[in-house]
Amino acid sequence: MSSRRSRDSESSRISDDQIIDLVSKLQQLLPEIRTRRSSKASASKVLQETCNYIRSLNRELDDLSDRLSQLLSTVDADSPEAAIIRSLII
C-alpha cells in the first residue's frame with residue numbers, strides 16, 4: 001500500500017520546470033512586477049506580490065460594492081437604474 005501511495009505522490013508532483021513556468025505566468029499577470037525593468041524576480045517575490053495583489057483586488061471589490069450599495073440606496077427601487085445596480089452587486 002505504501003508503494004502505491006509513493007507512486008501516486010510522485011505522479012502528482014509538479015516538476016521544477018512546471019513551477020518555473022507557473023511562476024513566470026504569474027509574474028506576467030502582476031502589474032507591480034510587470035512594470036519593473038528587471039525581467040527576473042524570485043519565485044518567493046512573485047508569490048508574495050501575487051498575495052498582495054489579490055488582497056488589493058479584494059479591497060477594491062469591497063469598496064466598489066459599498067459604493068454601489070450606497071448608490072442603490074439613493075435611487076428609486078423600481079427604476080431601471082436600480083435594476084442595473086442590483087445586477088452589478090449580485
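# A chat about a helical chain

Author: In this predicted model, buried residues make up 11% of the 90 residues in the protein chain.

Reader: What does the secondary structure of the chain come to?

Author: The protein chain has 5 helices and 0 strands. Read from the N terminus on, its elements run α-α-α-α-α.

Reader: What share of the contacts joins residues 24 or more positions apart?

Author: Taking the contacts with a separation of 6 or more, residues 24 or more positions apart account for 5% of them.

Reader: Let us turn to helix 4. How many residues does it have, and how far does it reach?

Author: Helix 4 covers residues 43-74, which is 32 residues. From its first C-alpha to its last it reaches 47 Å, close to the 46 Å expected at 1.5 Å a residue.

Reader: What does UniProt list for residues 47-74?

Author: The UniProt entry, which is unreviewed, lists residues 47-74 as "coiled-coil region". In the model, that stretch is 100% helix and 0% strand, with its end C-alpha atoms 41 Å apart.

Reader: Which residues of helix 4 are buried?

Author: They are Val 46, Glu 49 and Thr 50.

Reader: Why does Thr 50 count as buried?

Author: Thr 50 counts as buried because its relative accessibility is 12%, and the cut-off for buried is under 20%.

Reader: What does its side chain reach?

Author: The side chain of Thr 50 reaches the backbone oxygen of Val 46 at 2.7 Å. Val 46 is itself among the buried residues of helix 4.

Reader: Now for charges. How many salt bridges does the structure hold?

Author: The structure holds 2 salt bridges. One of them joins Glu 49 and Lys 45, whose closest N and O atoms are 3.3 Å apart.

Reader: Where do Glu 49 and Lys 45 sit relative to each other?

Author: Both are in helix 4, and because they are 4 residues apart there, about one helical turn separates them.

Reader: Are these two partners buried or exposed?

Author: Glu 49 is buried, with a relative accessible area of 11%. Lys 45 is partly exposed, with a relative accessible area of 29%.

Reader: How exposed are Asp 21 and Lys 25?

Author: Asp 21 is partly exposed, with a relative accessible area of 38%. Lys 25 is partly exposed as well, with a relative accessible area of 45%.

Reader: One last topic, Ile 85. Where is it found?

Author: Ile 85 is found in helix 5, which covers residues 80-89.

Reader: Is Ile 85 buried or exposed?

Author: Ile 85 counts as buried because its relative accessibility is 7%, and the cut-off for buried is under 20%.

Reader: What does Ile 85 touch?

Author: Not counting residues up to four places away in sequence, Ile 85 touches Leu 68, Leu 71, Leu 72 and Val 75.

Reader: And how far is Ile 85 from Ser 65?

Author: Ile 85 and Ser 65 are 20 residues apart in sequence, and their C-alpha atoms are 9.9 Å apart in space.

Conventions
Residues are numbered from 1 along each chain as its sequence is written. This is a predicted model: local features need pLDDT of at least 70, side-chain atom pairs count only at pLDDT 80 or more; totals for chains, interfaces and linings use all residues. Side-chain values use heavy atoms; hydrogens and water are left out. Helices (H or I, at least four residues) and strands (E, at least two) are DSSP runs, numbered from the N terminus. Buried means under 20% relative accessible area, exposed over 50%, partly exposed in between (1.4 Å probe, protein chains only). Contact means heavy atoms within 4.5 Å. The expected span of a helix is 1.5 Å times one less than its number of residues. UniProt positions are given in the numbering used here, feature names are shortened, and annotations may be inferred rather than shown by experiment. A polar contact is a pair of N or O atoms within 3.5 Å; within protein, one must be able to donate a hydrogen and the other to accept it, and residues adjacent in sequence count only if both atoms are side-chain atoms. A salt bridge is a side-chain nitrogen of Lys or Arg within 4 Å of a carboxyl oxygen of Asp or Glu.
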